[in-house]
Amino acid sequence: DYGPQRYNQPQIFVVSYVYPLPFWQTGSEWYKKALGKWSVSGITRISSGLPINVTQPANTSQSGDGVTAVLERPNLVGDPFAGTGGKQYLNAAAFAIPAAGTFGNLQAYGIKGPRYDNWDASISKTFPIWEQVGIDFRAEMFNVPNHLSAFTVSNTLRASNFGQVTATTDPRTMEFALKIHF
């Protein structure tokens, strides 16, 4: 079997950042103390999708010993992404079961899965109480734009849900933290 590995992602872009907001860094007025010295940070990851290993349900090649299951792949006969959208990621008409006694022409993990796109961000501030005592406040948001990235696609040809997205990333999640340090 020749093909990319199941964890192959040739393009991965990751950036992390911390940006102290530039306004009201100094001053003794109450609003400068409350609204100044905040910091915005985050991590963004955008990558190509993981490969999908499209398989077929039958042992058409007549290989193996009849007891051990042999993983076989179909023939690729068209554009696997034609006419797809929404929950349907792969075009079932682009795949065909090979003739009896033969193997399919689709290589192992030969179809690219959906792109992964994740944006996490936070805003934080330290409120000094006295000398070495302070309170850190942090608000974090995971999946900021609240869009779902598909990461599991049904890959068994002729299954009722073939080519459909079966799992996605979590929706937007927020958490707040308060820490006293001394």
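# Notebook: salt bridges, rings and a nonpolar core

I started at arginine 115, which counts as exposed at 54% relative accessibility. My cut-offs are under 20% relative accessible area for buried and over 50% for exposed, with partly exposed in between (1.4 Å probe, protein chains only).

I am working on a predicted model, where local features need pLDDT of at least 70, side-chain atom pairs count only at pLDDT 80 or more, and totals for chains, interfaces and linings use all residues. Residues are numbered from 1 along each chain as its sequence is written, and side-chain values use heavy atoms, with hydrogens and water left out.

**Salt bridges**

I looked up what arginine 115 pairs with. Its partner is aspartate 117, with the closest N and O atoms 3.4 Å apart. A salt bridge here needs a side-chain nitrogen of Lys or Arg within 4 Å of a carboxyl oxygen of Asp or Glu. Aspartate 117 counts as buried, at 12% relative accessibility.

I find 4 salt bridges in the structure. One of them joins arginine 138 and glutamate 140, at 2.5 Å from N to O. Arginine 138 is partly exposed at 31%. Glutamate 140 is buried at 18%.

I then checked lysine 179. It bridges to aspartate 136, and the closest N and O atoms are 3.8 Å apart. Lysine 179 sits in strand 11 (residues 173–181) and aspartate 136 in strand 8 (residues 133–142), so this pair ties together parts that are 43 residues apart in sequence. I take helices (H or I, at least four residues) and strands (E, at least two) as DSSP runs, numbered from the N terminus.

**Aromatic pairs**

I searched the whole structure and got 8 aromatic pairs. Tryptophan 38 with phenylalanine 137 is one of them: an edge-to-face pair, 6.0 Å centre to centre, with 85° between the planes. Tryptophan 38 is in the loop between helix 1 and strand 2 (39–47), while phenylalanine 137 is in strand 8, so the contact ties together parts 99 residues apart in sequence. Tryptophan 38 is buried, at 15%. Phenylalanine 137 is partly exposed, at 24%.

Next I looked at phenylalanine 81 and tyrosine 89. Their ring centres are 5.4 Å apart and the planes stand at 70°, so I log this pair as edge-to-face too. My pairing rule takes rings of Phe, Tyr and Trp (its six-membered ring) with centres within 6.5 Å; planes under 30 degrees apart are stacked, over 60 edge-to-face, and the rest tilted. Phenylalanine 81 is partly exposed at 33%. Tyrosine 89 is buried at 19%.

Tryptophan 30 lies in helix 1 (residues 30–35). It is exposed, at 68%. Alanine 82 is in the loop between strand 4 (75–76) and strand 5 (95–96). It is partly exposed, at 33%.

**Nonpolar core**

I turned to the interior. In soluble globular proteins, nonpolar side chains tend to be buried together. The largest nonpolar core here has 13 residues. Those with the most contacts inside it are Ile52, Val54, Leu90, Phe95 and Ile111. A core is a set of buried Ala, Val, Leu, Ile, Met, Phe, Trp, Tyr and Cys residues joined through side-chain atoms within 4.5 Å.

I listed neighbours of valine 54, leaving out residues up to four places away in sequence. Among them are Leu90, Phe95, Leu106, Ile111 and Phe162. Glu72, Arg73 and Asn155 are touched as well. Contact means heavy atoms within 4.5 Å.

**Positive phi**

I checked two non-glycine residues. Asparagine 143 has phi near 60°. It is found in the loop between strand 8 and strand 9 (150–153), and is buried at 4%. Arginine 158 has phi of about 75°. Its place is the loop between strand 9 and strand 10 (165–168), and it counts as exposed at 66%.
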